[in-house]
Amino acid sequence: MKNIHSIEFQTGSKEELLPDFADDFPYIASRAELDKYIGGYVPWHWHRTVELFYMESGSLEYNTPGGRLLFPAGSGGMVNSNVLHMTKPVSKTEKNIQLLHIFDVSLLAGEQGSRIAQKYIAPVVTAPQLELIPLFPGNAAEEKILRLIFESLHFSTDEFGYEIRLREALSEIWLMLFELSRPIWEKQGAQNKSNDKIKLMMIYIHEHYREKISVPELAAAAYLSERECFRVFHDCLHTTPAEYIRAYRLQAACQMLAKGREPVTAVGHICGLGSSSYFGKVFREYAHCTPSEYRRKWQNSDI
């Protein structure tokens with residue numbers, strides 16, 4: 001299980017980049033050290049893969065277009081394929097550690113169009129109303145799934161038959177999640193066109209954040225009116241276009257300060273945040289310290 005404390009995006013699609021993800025076994029296990037993420041949280045992102053998670057310690061807030069859920073230690077859940085989500089630690093008194101299975105559903109379904117894919121996989125991953133399946137202690141069925149998630153995350157990769165044992169465990173977990181979520185996915189939900197539109201606008205921002213971005217330009221990237229642009233941002237990300245653009249620029253600035261060698265006075269200009277005085281002001285509001293203090297904190301740490 002690999003320790004991770006950052007997120008990267010694929011070029012072009014801007015989906016999350018998943019290192020070590022292999023076509024011959026599309027699966028990775030991760031131990032997310034959430035307190036070590038630059039910026040202090042995991043920004044809005046999506047991935048075609050399914051995410052099963054277990055909170056080892058601390059407490060985590062999950063945000064999706066459908067709302068917000070809190071996951072304390074011992075809880076977990078499943079984030080569905082291509083669902084936009086953002087997470088941030090809640091607990092300040094202990095380490096926030098999240099354990100994750102991340103896999104392509106082909107690992108369970110086999111060949112595309114197979115009976116397993118049609119009967120057991122497609123009903124779940126194509127349900128627009130099924131963003132996240134929460135699992136909490138106190139419910140017998142959910143506790144059983146949580147236990148299997150936790151145990152399978154600790155399978156030894158050196159053990160004979162590891163891949164087959166893991167696929168068997170994930171298949172068992174999937175069947176239980178299938179039954180647990182049946183009342184939700186059996187209700188016919190309308191396709192959410194806003195999901196595709198917000199992703200087009202996010203991609204545009206990720207590619208042009210260093211430049212001046214106007215709302216008309218942003219709306220045009222998703223073939224929307226300005227009014228629809230504001231509505232989609234509100235419905236999907238619970239924010240405004242301007243607030244999201246500024247937050248993304250500040251995330252980029254945090255990355256540059258933590259990992260780069262560019263002069264602090266230049267970082268604001270490079271990230272589209274204007275003059276050094278304005279950059280200093282908005283950065284202090286965001287990170288509760290100056291850009292120079294932030295750089296010292298991260299570059300002198302053992303992260």
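For residue classes, Ala, Val, Leu, Ile, Met, Phe, Trp, Tyr, Cys and Pro go down as nonpolar, Asp, Glu, Lys and Arg as charged, and the others, Gly among them, as polar. The structure is a predicted model, so local features need pLDDT of at least 70 and side-chain atom pairs pLDDT 80 or more, while totals for chains, interfaces and linings use all residues. Numbering starts from 1 along each chain as its sequence is written, and side-chain values rest on heavy atoms, with hydrogens and water left out.

Now for the pockets. On a 1 Å grid over the protein atoms alone, a pocket is an open set of points where a 1.4 Å probe fits, with protein on both sides within 12 Å along at least five of seven lines; lining residues have an atom within 4 Å of a point. Volume is the space filled by probe spheres set on the points, which are joined across faces, edges and corners. The second largest pocket holds about 470 Å³. Its lining runs to 23 residues, with Ile7, Phe9, Tyr248, Ala252 and Gln255 nearest the centre. Sorted by class, that lining has twelve nonpolar, seven polar and four charged residues. The top contributor is H8, with seven residues; helices (H or I, at least four residues) and strands (E, at least two) are DSSP runs numbered from the N terminus.

H8 turns up again in the largest pocket, where it gives the most to the lining, with seven residues. Strand E8 (85–89), H8, helix H10 (276–287) and H11 each put in at least two residues.

On to helix packing. The axes of H8 (residues 241–259) and H11 (residues 291–299) come within 8 Å and cross at roughly 55°; axes are lines fitted to C-alpha atoms, for helices over the stretch in contact, and angles run from 0 to 180 degrees between N-to-C directions. Contact (heavy atoms within 4.5 Å) involves Cys254, Met256, Leu257, Ala258 and Lys259 of H8 and Pro291, Tyr294, Arg295, Trp298 and Gln299 of H11. Those residues split into seven nonpolar, one polar and two charged.

Elsewhere, H5 (residues 193–208) and H7 (residues 226–237) pack at about 100°, with axes 10 Å apart. That makes H5 roughly perpendicular to H7, a label covering 65 to 115 degrees. Among the contact residues are Ile198 and Met201 of H5 and Val232 and Phe233 of H7.

Terms used:
Parallel < 35°, antiparallel > 145°, perpendicular 65-115°, else oblique.
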